[in-house]
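Subject: Structure handover

Hello,

Here is the structure you asked about. My notes on it follow below.

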Amino acid sequence: MSEKKAAGGLQGVVAGQSAISTVGVGGIGLNYRGYDINDLAYKCSFEEVTYLLLKGHLPNKQQLDELRTLISQKRQIPCKLKQILETLPKESHPMDIMRTVASLVGILEPESKPGQEYEISIRLISLFGPALLYWHHYSNSGIKINENTGKDSIAENFLKLYHLKSQIDPLVVKTFDVSLILYAEHDFAASTFAARVTVSTLSDFYSGITTAIGTLRGPLHGGANEAAMQYLEPLRSIQQADQFLNSRYQSKQLIMGFGHRVYKKEDPRSPIIKDFSLQLSKTANGDPTLLAVSQHIEKRMIEEKKIYPNLDFYSASAYKQCGVPTPMFTAIFVISRMTGWGGHIIEQRSNNKLMRPVSDYTGPAKKQFVPIDMRNKANL
């Protein structure tokens with residue numbers, strides 16, 4: 001742990017070493033294991049990036065095919081998990097379902113020996129989407145879905161299961177796949193750091209993931225894409241967008257989806273997901289009004305506040321145009337970031353040391369103890 005005095009929220013404090021990603025070096029850029037995020041987003045599949053983050057290098061064709069086969073095998077939902085999913089209320093938040101799935105799989109398929117991290121990571125990456133959608137369809141309509149769609153990608157499997165269709169628009173699949181790549185890893189983000197803290201105690205893999213999911217749930221971290229969509233969806237004109245912004249300015253409220261703790265200007269992931277959201281807006285099922293409103297808000301925020309959109313802002317409109325309901329946005333983040341979490345748990349365990357920082361004490365000076373029968377407001 002660095003000796004640097006902690007700023008609020010540990011901003012700028014170096015808490016360890018990692019070879020997995022570089023985020024905002026010099027205020028710009030994002031690389032996974034040395035590869036630029038633009039190359040990965042436009043030239044790779046999420047499965048390739050999954051292999052990269054967990055294994056340390058990009059796969060060759062044989063390794064990628066083996067991974068895709070493994071993913072298709074690992075989608076099977078245990079019968080006991082299905083039974084429990086069928087009992088969960090339909091009012092549950094999808095993030096609570098994801099947290100429950102991680103914990104239950106940890107009971108049904110416990111980590112029992114060293115070296116299981118890769119296998120468990122692939123199991124959860126493969127299972128999270130089908131399990132979430134099994135609960136969704138059963139709780140809303142009583143349908144028990146068949147979770148396995150063969151050797152489809154993670155993106156295509158999710159979309160087919162959600163929409164209950166055998167074919168999905170290739171642009172929708174590609175957009176979803178790219179979003180998974182963009183959300184996959186981000187150094188010591190809050191959820192990742194939380195996972196590493198948990199496993200640094202020599203706790204099990206599933207406990208680290210459950211910790212991470214709980215951390216990701218908050219709107220200041222993973223929930224920001226949901227929060228952005230919640231205010232964007234009712235805005236159906238530029239005038240309404242201006243009214244919304246003016247009101248937020250006046251009340252000095254945060255505009256979710258803007259700003260970042262690391263990037264000084266533009267989040268390098270934002271223009272990539274914006275590109276795909278714009279492409280979707282020009283299709284028959286797109287929402288050009290949503291994009292026009294989003295672009296107007298972006299323009300004003302940059303010009304008036306000098307604050308740039310982060311990944312969450314245009315991810316909201318991208319997911320909406322993929323037909324995914326807003327409450328599932330952060331749950332999709334879990335599927336993606338499972339790759340980064342897995343890589344970081346593996347790395348933490350490779351050279352583990354218990355994380356136990358200290359605080360700057362700001363409480364009262366040492367006090368004289370007062371017996372209970374002599375206490376009053378004056379001497380407490």
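Which residue in S2 is the bridge partner of Ser21? The partner is Tyr32.

Before the rest, a word on the basis. This is a predicted model, in which local features need pLDDT of at least 70 and side-chain atom pairs count only at pLDDT 80 or more, while totals for chains, interfaces and linings use all residues. Residues are numbered from 1 along each chain as its sequence is written, and side-chain values use heavy atoms, with hydrogens and water left out.

The sheet

Helices (H or I, at least four residues) and strands (E, at least two) are DSSP runs, numbered from the N terminus. Three strands make up an open sheet, ordered S1-S2-S3, with antiparallel pairing. Strand S1 (21-23) and strand S3 (35-36) are at the edges with a single partner strand each, so one side of each has no neighbour in the sheet. Three bridges join S1 to strand S2 (residues 30-32) in the antiparallel sense; two strands count as paired if DSSP finds at least two bridges between them.

Helix packing

Two packed helices are described by the angle between their axes and the distance between the axes. The axes are lines fitted to C-alpha atoms, for helices over the stretch in contact, and the angles run from 0 to 180 degrees between N-to-C directions. Angles under 35 degrees count as roughly parallel, over 145 as roughly antiparallel, 65 to 115 as roughly perpendicular and the rest as oblique.

Helix H11 (residues 224-232) and helix H15 (residues 311-321) cross at roughly 70°, their axes coming within 8 Å. H11 is therefore roughly perpendicular to H15. Their crossing is right-handed (the near helix is turned clockwise from the far one by less than a right angle). On the H11 side, the contact (heavy atoms within 4.5 Å) includes Ala228 and Met229, and on the H15 side Phe313 and Ala316. By class, the contact of H11 with H15 has eight nonpolar, two polar and two charged residues. Here Ala, Val, Leu, Ile, Met, Phe, Trp, Tyr, Cys and Pro count as nonpolar, Asp, Glu, Lys and Arg as charged, and the others, Gly among them, as polar.

H5 and helix H16 (residues 329-350) have axes 7 Å apart and an angle of about 30°, so H5 is roughly parallel to H16. Pro94, Met95 and Met98 of H5 touch Thr330, Ala331, Val334 and Ile335 of H16. That contact has six nonpolar, one polar and no charged residues.

Salt bridges

The structure holds 20 salt bridges, each a side-chain nitrogen of Lys or Arg within 4 Å of a carboxyl oxygen of Asp or Glu. One of them joins Glu109 and Arg123, at 2.7 Å from N to O. Glu109 is in the loop between helix H5 (94-108) and helix H6 (117-141), and Arg123 is in helix H6, so the pair ties together parts 14 residues apart in sequence.

Regards
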